[in-house]
Amino acid sequence: MSEVRIGLGRPVAAAAAAVVLSLTASGCVTVHGELEVVPTTTKAQAARALDTFVAAYNKADRTNDRDADAKYVTGALGAIDAAKLKAGHVVSPKGNPKYAQLKLTDAHFTIPKKAGWPRWFVVDSDNSRVPDSRWVMVFTRNAVDEPWAVSYLTLFRGDTVPEFKKDADGWGEAVSPDAKGLAMRPADLSEKYTGYLKDGGDGFADGANTSEWRASRQKSTRPGLATQFIDEPLTSGDYAPVALRTEDGGALAFFTTRRYEKQTASPGSDLPTISPSVKALMSGDAKQSATYGYVSNQAAIVPAAGSAGGGVRVLNRVEGITTAEGS
């Protein structure tokens, strides 16, 4: 799948319609000791969390008010959403003139059993924003008195959401970031992916978000304009990876990266047009160069170790501009 940009889109184009979410939940699951392996929430509480999320997201998107959903998004999605709403408020302080209510339907919940914190679960649902796609979201929290917040949002086309392994009671299986028995530890995905984008190498299967993207980036320079890329892993706190066991013994993993993209115009040449939404985030005056910071979350299939064609498949990216600097 090709990447999806939410929030601000490409710096050379008009801002894309936002596809960002947020959420809260009521209630909590009783945990008898942090080392006990238990479901991370109940199915009823997860459903309420999704409903609350949609309500908070719609209010924030309609009003361009960051306070409306600040408690209910975190990690990669939180960074993207905050920048989107900040820019939206500058451009349209009275609210989003392109607002369209988000509706999520046919929700499927995969709630893993695990010990300790953070606790998280996964929802995939139809949506009113992107036709023929399902939104896959990770809800997380770090303490029983915190609201559930969405840390990851990815899009899967059609019926391509993987089948998750579940036990006889319907609970999913969380895969530890340091788990062995996979082609790559989930804890290593962010660092290895950013290294791959820079230098290539083994470990990742060819595709739109790996080999094809590297090739596109290498061709990004045009006469009068040079483009440079710096990629960084994001792995701590709410940027930490999470992974669910799939039916085939592998895992669907979610991980975060940051990218800086610098465009420099040669004397006598102009930078690409910068959209109003990106200008709202920009410090400095982009006379000769502009540097854009992106936060990106990826969803990847990590096969079991020793599987045929065992490279990690990066299925999709959802990203947005979070910083901009001109000089």
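In which loop is the place of Asn-64?

Author: Asn-64 sits in the loop between α1 and α2. Before going further, note that this is a predicted model, in which local features need pLDDT of at least 70 and side-chain atom pairs count only at pLDDT 80 or more, while totals for chains, interfaces and linings use all residues. Residues are numbered from 1 along each chain as its sequence is written, and side-chain values use heavy atoms, with hydrogens and water left out.

The protein has five helices and 14 strands. Of its 327 residues, 51% count as buried; buried means under 20% relative accessible area, exposed means over 50%, and partly exposed is in between, computed with a 1.4 Å probe on protein chains only.

Back to the loop. Asn-64 has a relative accessible area of 8%, so it is buried. Its phi is positive, about 55 degrees, although Asn-64 is not a glycine. Asp-65 lies in the loop between α1 (43–63) and α2 (75–91). With a relative accessible area of 30%, Asp-65 is partly exposed. Once its neighbours within four places in sequence are set aside, Asp-65 is in contact with Ala-60 and Leu-85, where contact means heavy atoms within 4.5 Å. Leu-85 is 20 residues from Asp-65 along the chain, and their C-alpha atoms are separated by 6.5 Å.

Asn-64 can also be placed relative to Lys-94: the two are 30 residues apart in sequence and 7.9 Å apart in space, C-alpha to C-alpha. Lys-94 belongs to the loop between α2 and β3. Its relative accessible area is 87%, so Lys-94 is exposed. Helix α1 holds Asp-51, which is exposed at 55%. From Asp-51 to Lys-103 the C-alpha distance is 9.7 Å, over a gap of 52 residues in sequence.

Strand β3 is the next stop. Asp-106, which is in β3, has a positive phi of about 50 degrees although it is not a glycine. Its relative accessibility of 43% makes Asp-106 partly exposed. Thr-110 is also found in β3, which covers residues 104–110, but Thr-110 is buried, at 3%. Sequence neighbours within four places aside, the contacts of Thr-110 include Phe-121, Phe-164 and Leu-244. For the protein as a whole, residues 24 or more positions apart account for 70% of the contacts with a separation of 6 or more. Further along, Pro-118 lies in the loop between β4 (112–114) and β5 (119–127), and the peptide bond from Trp-117 to Pro-118 is cis, with omega near 0 degrees.

Finally, consider a helix elsewhere in the chain. In α3 (residues 189–199), the buried residues are Leu-189, Ser-190, Tyr-193, Thr-194, Tyr-196 and Leu-197. Looking down the axis, these buried residues fall within an arc of 155 degrees, so they line one face of α3; the arc is that of the directions from the helix axis to the C-beta atoms. On the face turned away from the buried side are the exposed residues Glu-191, Lys-198 and Asp-199. The buried residues pack against α4 (211–218), β9 (225–234), β11 (251–265), β13 (289–302) and β14 (313–326). Just after α3, Gly-200 has a positive phi of about 75 degrees.

Helices α3 and α4 pack at about 45 degrees, with their axes 9 Å apart. That makes α3 oblique to α4. Axes here are lines fitted to C-alpha atoms, for helices over the stretch in contact, and angles run from 0 to 180 degrees between N-to-C directions. Angles under 35 degrees count as roughly parallel, over 145 as roughly antiparallel, 65 to 115 as roughly perpendicular, and the rest as oblique. On the α3 side the contact is made by Tyr-193, Tyr-196, Leu-197, Lys-198 and Asp-199, and on the α4 side by Ser-211, Trp-213, Arg-214 and Arg-217. By class, this contact has four nonpolar, one polar and four charged residues. Ala, Val, Leu, Ile, Met, Phe, Trp, Tyr, Cys and Pro count as nonpolar, Asp, Glu, Lys and Arg as charged, and the others, Gly among them, as polar.

Notes
Helices (H or I, at least four residues) and strands (E, at least two) are DSSP runs, numbered from the N terminus.
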